[in-house]
Amino acid sequence: MKLKPLALFVTHDGKSSRASITCQYKCGNACSHEVPNTSGGEYFGDIVRSAMSRRGLLKSGAVAVLAVGAGGALVACSDDSGSGSAGGSTTAAAGGGEAPAGTAFTAVAPNTEDAVVVPEGYEQAVVIRWGDPVLPGAPAFDFANQTPQAQEMQFGFNNDFAGLLPVEGQPNTYLLVVNHEYTTEPFMFTGYDPANPTVEQFQTAIAAHGLSVVQVKGEAGTGRLTPEFGPNNRRITANTQFLVTGPAAGSNLLKTTADPTGTRVTGTLNNCSGGVTPWGTVLSGEENFNQYFANADQVTDPTVAARLKRYGIEGGASERKWERFDPRFDLVQEPNEANRFGYVVEVNPWDPASTPIKHTAMGRFKHEAATIYVTDDGTVVAYSGDDERFDYMYKFVSARKMMPGNGQSSMRHNLTILDAGTLYVAKLTGDEPDQIDGSGKLPSAGRFAGKGQWIPLLRTGEDGKAESLVDGMSAEEVAVFTRLAGDKVGATKMDRPEDFEPNPKTGKVYVALTNNTKRGEEGKPAADEPNPRNNNKNGQVLEIEDEHAGTGFTWNLLLVCGDPAAADTYFGGFDKTQVSPISCPDNLAFDPHGNLWISTDGNALKSNDGLFSVVLDGDRRGETKQFLTVPKGGETCGPIIGESRVMVCVQHPGELDGASADKPASHWPDGGTSQPRPSVVAAWKSGGGRVGV
Ligand code: FEO
Ligand code: CA
Ligand code: CA
């Protein structure tokens, strides 16, 4: 099947379509602030990569969830949990022919509809919306009469990551685990006064953050999912108690009036993307936590002030003014509170009474997510990007081996895996650095490619003792001020590393680098081979062949995103007249056939955000096709690509400048004159059947 030439939006106005209201509430206007990374960034020189270790099969009788390593044992589930089962087959016909399995659908054209648009022959439906009941007794959602008590039992706001975990012994039943990244109060409450939020609004917003665990039931013959009151249903909010583990647990840097032990944190904030572990838990990245903390401008200690600044914590009042209601958000009263956010959190969704964990051995930065690869010998490798312009890519390599099985003793053991091991930051070099001029012009090799090395920052032993591997910093300082450790070793400054995911079929690792319009500005780093465009509006996708537990890797750019008609774009060498335009790659997922799927955030090509499939191997490598678009003003998040169901989270629908709850720009999903509601959506082939086949 040949793709129809696509209607392209050829607009090079240099602006992401993300509304300024979204920037304000989602990331604390990160783009209009100074870039937090002003470090020197040493020249590292040539990096010699040692031979890549080849991995075989991990023979694990693991839980009925996900095996993440290449060829990793995948336990049989009828599987729509997007686990990337190794069983699918696909052949890219040389020189054209049929679309590879998983990608045989008619691409959705760019558009600005107030709807979820799916390919011809597919259907979609909402799974759960902001305000829908999660816990028994939750009242029906009443936009005009919200209360914190109701929100604590209802699905939270602005869903980002979604994980779908099969419930063992119950066919077609899953736990849906979803992050609620942030609240946009002007869209949650009519008549909202940002200068004078009410205590009810504050408490409702606190309850609308965090995560939801909801049991969902599939419908035979379709991909439809319906929420149920299952025994594991749970709301985690910005008021839930967390346990701190790893080298910073008990550190003076984490002690507050409410928690003199430095081991118990109230709440999780700005949970962006995440990952499902092979042992059946969910990891969630605390991303733009900086924006919740007020009065950094009154901090006088220069060391403390510099640390705050490196994390983008600055200014007086916070956007939401939470400091007026709870002293923990006021840095003058609680100078260490901000040090207690910015971690990878782990939730055991199978035990609603369990205390979720903040893993400090994995470092503190704006964690976009954490995703796992398991090596042959059971070593666990967790990848995580720091989503800020000119910040870094990290991985954590465990000291303990994963214990197979899904009994309680395995779970207890595996919940400690992310507490002992080595944290690394990435340095990349290009093969042809002299040929990079910032225009996106390919070097003579015909692709952007090079080598890299993982620089160790922090080693935590199984006995809990941690060793700093960075001169001038203690172990707890590296754990809490990880960005500063990355600065000291001269890590490579990237164009906003978002999702960072290993392909379960091949073991190759992919990173979405979403954009960076500051690249090449005066006084800022210029383009380099992995970040080859100055004023980078559309982002790129990096492909890594990693030694996983080792320290060497090679890399190349799979996609240099944007309008395919523009000279500065690259689609893996595929014919650019036959691809969908793609801009601002954000979340990544893999289908059961091994294709990469990408969701976008902030399309700079004047279309709504969407979800795209990308062929990785064979003659059609780089072929990019849009599978769906989300309603106007929304962002596509949390993709899960299963055998017969595609899921996405629609975040912030209708968040357009000039709009608000008083003047809604979207009426999705309920139509009429309703308020827009962030929601999880499932799509499937009409009449059932495998997606893209
Ligand atoms: Fe929450 Fe980096 O996206
Ligand atoms: Ca994201
Ligand atoms: Ca994003």
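This is a predicted model: local features need pLDDT of at least 70, side-chain atom pairs count only at pLDDT 80 or more; totals for chains, interfaces and linings use all residues.
**Entry 1: strand 3 and its neighbours**

I started with strand 2 (residues 159-166), which is joined to strand 3 by six bridges, the two running antiparallel. A note on terms: helices (H or I, at least four residues) and strands (E, at least two) are DSSP runs numbered from the N terminus, and two strands pair if DSSP finds at least two bridges between them. Residues are numbered from 1 along each chain as its sequence is written, chains are lettered from A and ligands numbered from 1 in the order in which they are written, and side-chain values use heavy atoms, with hydrogens and water left out.

I looked up one bridge pair here: glycine 163 has valine 177 of strand 3 as its partner. Strands 2 and 3 make a hairpin with six residues between them. In that turn I found glycine 169 with a positive phi of about 80 degrees. On to strand 4 (residues 210-218): strand 3 pairs with strand 4 in the antiparallel sense, over eight bridges. There, leucine 176 sits opposite valine 214.

How many residues of strand 3 are buried? I got eight of the eight (residues 173-180), so the strand is largely enclosed by the rest of the structure. Buried means under 20% relative accessible area, exposed over 50%, and partly exposed in between (1.4 Å probe, protein chains only). Thr173, Leu175, Val177 and Asn179 point one way, while Tyr174, Leu176, Val178 and His180 point the other way, and all are buried.

**Entry 2: the calcium ions**

Next I checked the metals. Ligand 2, a calcium ion, is coordinated by Glu368 (OE), Glu498 (OE), Asp586 (OD) and Asp586 (OD), at 2.1 to 2.7 Å. Donors are N, O and S atoms within 2.8 Å of the metal (3.2 Å for Na, K and Ca); water is not among the atoms, so sites may look incomplete. Glutamate 368 is in the loop between strand 12 (357-359) and strand 13 (371-374) and glutamate 498 is in strand 21 (residues 497-502), so this pair ties together parts 130 residues apart in sequence. Glutamate 368 is buried at 0% relative accessibility, and glutamate 498 is buried too, with a relative accessible area of 2%.

Which residue bridges the two calcium ions, ligand 2 and ligand 3? I found aspartate 586 doing that, with the ions 2.8 Å apart.

The calcium ion called ligand 3 is coordinated by Asp586 (OD), Asp601 (OD) and Glu635 (OE), at 2.1 to 3.1 Å. Aspartate 601 is in the loop between strand 27 (596-600) and strand 28 (610-614), and glutamate 635 is in strand 30 (residues 635-641), a pair that links distant parts of the chain, 34 residues apart. I noted both aspartate 601 and glutamate 635 as buried.

I then followed six strands in an open sheet, ordered 8-7-12-11-10-9 with mixed pairing. Strand 8 (264-266) and strand 9 (271-276) are the edges, each pairing on one side only. Inside the sheet, strand 10 (residues 282-286) and strand 11 (residues 344-347) run antiparallel, joined by four bridges. Serine 284 faces valine 345 of strand 11.

**Entry 3: overall tally**

Last, I counted eight helices and 32 strands in the protein. Buried residues are 64% of its 693 residues.
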